Amino acid sequence: MAAHWRDTRDKLSRRWFYALFILLPLTAVFGHRGIAPWLLLASLPAFARGAFWQSAFGKLFDNPSLSDPKFASFASLLLLCAWIFLSGFWSPKGDPGMFLYVLGPALVGASIIWFSLTLTRIWAWRLGRAFLWALVAGMIILSLEGVTDGFLRRLLPPNEPSSAKDIVALGRGVTALAPSLFPAAAIAVRQWSRTAAFAVLALGVVAAATNDVLANVVAIGAGLGAALLALSAQRFTLKLLGGGAIVVLILAPALAALIPVAPIYAEAEKALAPELARELSSSLHRLAIWKASAMEAFSCLPFGCGADYARMWKETAPMIDVPGSPIELSVSPIHPHNVFLQLWLELGIPGVFAAAAFVWFGLAALLRARLSRAVGAAIAGAFVAILVSIMVEGSLWQVWRLAAMALAASGIALAHMLEKR
């Protein structure tokens with residue numbers, strides 16, 4: 001009876017994933033609204049298994065040791081969440097529960113990764129193919145949305161009162177799926193061909209270009225460059241990317257504080273035509289945001305201004321004239337549009353230390369694993385795509401963005417199982 005129940009449960013779980021992969025392309029049309037609920041639904045088969053709690057967490061805590069990079073990485077994440085909780089008590093936002101915005105997606109994503117790593121050979125193949133087709137369909141739909149100015153976005157609720165917000169949602173849909181393009185390409189190499197893998201990545205570039213978000217084009221292009229480098233020098237590339245991310249994180253406020261905003265604005269006013277200035281106003285605005293966030297971060301050292309401080313700072317932050325903008329803009333528009341600067345601003349040195357430790361130990365765990373060339377390239381590409389995105393527009397409190405990272409990680413787990421088996 002027990003064996004029959006487990007067999008039935010497993011079949012239902014896999015069919016559940018099939019249904020979710022069919023829905024995944026449409027969730028991208030919602031942008032930030034669709035990915036997080038999708039991830040939560042995808043975690044249910046894992047959370048319903050006692051084996052998940054026993055193997056995923058039991059192994060971590062049976063013999064806890066910082067010499068185990070997986071445990072050390074998880075401990076760093078818990079440390080970060082604990083500091084977020086404490087910072088909520090002195091933050092103007094006054095919400096210690098902000099740590100759930102980070103811990104929730106991390107645990108949900110970990111459950112899907114665990115599920116992917118425990119699949120049998122046949123189901124790893126089938127769900128890998130479903131993941132691949134979902135990404136292909138998602139990029140085709142987003143490309144058509146860009147060409148048709150958001151046809152489906154206007155049909156599917158909730159329709160924004162501003163058409164500009166609808167287009168932003170489509171751009172975020174590309175942002176959410178972009179990191180997963182690289183594990184999808186790794187699966188395509190295994191199941192189809194190398195040519196098909198490059199076609200998958202090309203679809204992502206088309207979707208990004210047609211939805212007018214330059215950051216997505218740069219993220220996918222930079223990710224492709226990192227993936228190609230990892231194909232010939234996997235360990236070197238992973239060390240370079242992980243170490244480079246930590247160095248940039250540590251130096252972020254010092255580098256941002258050196259941005260010569262006033263001279264750049266003066267030169268832009270003289271050299272740029274009005275139409276070009278309007279197109280570049282968002283990028284120019286970010287320069288002022290980053291510099292102001294860095295200077296404010298220095299004033300809150302060593303412990304930071306508190307979780308989600310930037311959202312409250314917006315009410316009193318200075319207003320500036322940005323070339324190309326018809327109105328004055330705040331130097332604190334809800335968040336710094338750079339997660340590294342946000343860590344310094346809101347969580348200070350302890351938060352930066354915990355985040356750097358998480359990346360360091362996560363990198364160590366990857367270097368210990370036996371990864372194929374395709375999977376190593378997928379990790380490098382997805383990491384760089386995520387890095388570009390969080391450094392120019394991301395916020396630590398955007399659950400949909402963290403869910404997108406978890407989706408990419410689950411795709412990498414599927415690709416790894418295909419190679420392993």
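Predicted model: local features only at pLDDT ≥ 70, side-chain atom pairs only at ≥ 80, totals over all residues.
Over the ring of which residue does the charged end of Arg126 sit? Local features are reported where pLDDT is at least 70, side-chain atom pairs count only at pLDDT 80 or more, and totals for chains, interfaces and linings use all residues. Residues are numbered from 1 along each chain as its sequence is written, and side-chain values use heavy atoms, with hydrogens and water left out.

**View 1. Arg126 meets a tryptophan ring.** The ring belongs to Trp123, and the charged end of Arg126 lies 4.8 Å from its centre. A charge sits over a ring if NZ of Lys or CZ of Arg is within 6 Å of the ring centre and within 35 degrees of the ring normal.

View 2. Rings of Phe, Tyr and Trp (its six-membered ring) pair if their centres lie within 6.5 Å; planes under 30 degrees apart count as stacked, over 60 as edge-to-face and the rest as tilted. By this rule there are 11 aromatic pairs. One of them joins Trp83 and Trp90 edge-to-face, at 5.4 Å centre to centre and with 65° between the planes. Trp83 counts as buried, at 16% relative accessibility, while Trp90 is partly exposed at 38%; buried means under 20% relative accessible area, exposed over 50%, and partly exposed in between (1.4 Å probe, protein chains only). Trp133 and Trp192 also pair edge-to-face, with 5.1 Å between centres and 70° between planes. This pair links distant parts of the chain, 59 residues apart: Trp133 is in helix α6 (residues 121-147), and Trp192 is in the loop between α9 (181-191) and α10. Helices (H or I, at least four residues) are DSSP runs, numbered from the N terminus. Look as well for the aromatic cluster formed by Phe17, Phe21, Trp38, Phe115 and Phe131.

**View 3. Helix α10 and its buried side.** Helix α10 spans residues 194-210, 17 residues in total, and reaches 25 Å from its first C-alpha to its last. That is close to the 24 Å expected at 1.5 Å a residue, where the expected span is 1.5 Å times one less than the number of residues. Ala196, Ala197, Val200, Leu201, Gly204, Ala207 and Ala208 are buried. They cover an arc of only 145° around the axis, so they sit on the same side of α10; the arc is that of the directions from the helix axis to the C-beta atoms. On the other side, Arg194 and Thr195 are exposed. Just after the helix, Asp212 takes a positive phi of about 55°.

**View 4. Ala42 in helix α2.** Ala42 lies in α2 (residues 32-47) and is buried, with a relative accessible area of 1%. Leaving aside neighbours within four places in sequence, Ala42 is in contact (heavy atoms within 4.5 Å) with Trp16, Phe17, Leu20 and Ile112. The C-alpha atoms of Ala42 and Ser13 are separated by 9.2 Å, although these residues are 29 apart along the chain.

**View 5. The largest nonpolar core.** A nonpolar core is a set of buried Ala, Val, Leu, Ile, Met, Phe, Trp, Tyr and Cys residues joined through side-chain atoms within 4.5 Å. The largest has 76 residues, and Phe21, Leu24, Phe131, Leu142 and Leu177 have the most contacts inside it. Helix α6 gives the largest share, 12 residues. A second, separate core of 54 residues includes Leu80, Trp290, Cys300 and Ala317.

Conventions:
Helix = DSSP H or I, 4+ residues; strand = E, 2+ residues; numbered from the N terminus.
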